[in-house]
Amino acid sequence: MGSTGLDMSVMAFREPQTAHLSPRRVSELLGLTQTELARLIGVARNTLNSPASLRKVDQALGPLVRVLAMVTDMAGDEQRAALWFKHQPIPGWAGKTAYDLVGEGKADQVLSYLEAVRSGVYA
């Protein structure tokens, strides 16, 4: 899937009828509270639901949503993607999961790993 396909997958995480990402949708998929999601993406809990913070939320949620969209594409459905994201250790990261790495601000490394796997490189 090229960037266009990934862009379409990311659209699944938007609020209906808007151009903004949905913290509610992401937290429900991952089985997280809004507080846990806010901590994961590095924003204050109140920021998630503040109309004045939509851009900030989109920016903070973006890397997480790109990871989820790519894993959903690779795994075949969102539930498998959510399980992988939260529970599957990524080789070379001392038992850390994508959840752990995204929480450390390393979503780009997770995306690079996924790209390598998708390209057939054993990672």
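What follows is a walk through the helices of this model and the contacts between them.

The model is predicted: local features need pLDDT of at least 70, side-chain atom pairs count only at pLDDT 80 or more, and totals for chains, interfaces and linings use all residues. Residues are numbered from 1 along each chain as its sequence is written, and side-chain values use heavy atoms, with hydrogens and water left out.

Start with helix 2, residues 23-30. Helices here are DSSP runs (H or I, at least four residues), numbered from the N terminus. The buried residues of helix 2 are Pro23, Val26, Ser27, Leu29 and Leu30. Buried means under 20% relative accessible area, exposed means over 50%, and partly exposed lies in between (1.4 Å probe, protein chains only). These residues cover an arc of only 160° around the axis, so they sit on the same side of helix 2. The arc is taken from the directions that run from the helix axis to the C-beta atoms. Helix 3, helix 4 and helix 5 are what the buried residues of helix 2 pack against. Contact means heavy atoms within 4.5 Å. Just after helix 2 comes Gly31, with a positive phi of about 70°.

Helix 3 spans residues 34-41, and its buried residues are Gln34, Leu37, Ala38, Leu40 and Ile41. Down the helix 3 axis, they fall within an arc of 160°, so they line one face of the helix. The cover over them includes helix 2, helix 4, helix 5 (78-87) and helix 6 (98-103). Take Gln34, which is found in helix 3. Gln34 is buried, at a relative accessible area of 15%. Leaving aside neighbours within four places in sequence, Gln34 is in contact with Pro23, Arg24, Ser27, Arg45, Leu48 and Asn49. Gly42 follows helix 3 and has a positive phi, near 80°.

Now turn to helix 4, residues 54-75. Two packed helices are described by the angle between their axes and the distance between the axes. Axes are lines fitted to C-alpha atoms, for helices over the stretch in contact, and angles run from 0 to 180 degrees between N-to-C directions. Angles under 35 degrees count as roughly parallel, over 145 as roughly antiparallel, 65 to 115 as roughly perpendicular and the rest as oblique.

How do helix 3 and helix 4 pack, and at what angle? The angle is about 90°, with the axes 9 Å apart. That makes helix 3 roughly perpendicular to helix 4. Leu37, Leu40 and Ile41 of helix 3 meet Ala60, Leu61 and Leu64 of helix 4. This contact of helix 3 with helix 4 has six nonpolar, no polar and no charged residues. In this scheme Ala, Val, Leu, Ile, Met, Phe, Trp, Tyr, Cys and Pro are nonpolar, Asp, Glu, Lys and Arg are charged, and the others, Gly among them, are polar.

Helix 2 packs on helix 4 at an angle of about 40°, with the axes 11 Å apart. Helix 2 is therefore oblique to helix 4. The crossing of helix 2 and helix 4 is left-handed, that is, the near helix is turned anticlockwise from the far one by less than a right angle (clockwise would be right-handed). Pro23, Val26, Leu29 and Leu30 of helix 2 make the contact with Val57, Leu61, Leu64, Val65 and Leu68 of helix 4. By class, the contact of helix 2 with helix 4 holds nine nonpolar, no polar and no charged residues.

Val65 lies in helix 4. Is Val65 buried or exposed? Val65 is buried, with a relative accessible area of 0%. Beyond its neighbours within four places in sequence, Val65 is in contact with Val10, Phe13, Leu21 and Val26. Val65 and Gly42 are 23 residues apart along the chain, and their C-alpha atoms are separated by 14 Å.

Helix 4 also packs with helix 7 (residues 107-118), at an angle of about 20° and with the axes 9 Å apart. The two are therefore roughly parallel. The crossing of helix 4 and helix 7 is left-handed. Helix 4 brings Pro63, Arg66, Val67, Met70, Val71, Asp73 and Met74 to the contact, and helix 7 brings Ala107, Val110, Leu111, Leu114, Glu115, Val117 and Arg118. The residues of the contact of helix 4 with helix 7 divide into ten nonpolar, no polar and four charged.

Asp108 also lies in helix 7. Asp108 is exposed, with a relative accessible area of 51%. Finally, Ala94 lies in the loop between helix 5 and helix 6. Its phi is near 50°, a positive value in a residue other than glycine. Ala94 counts as exposed, at 79% relative accessibility.
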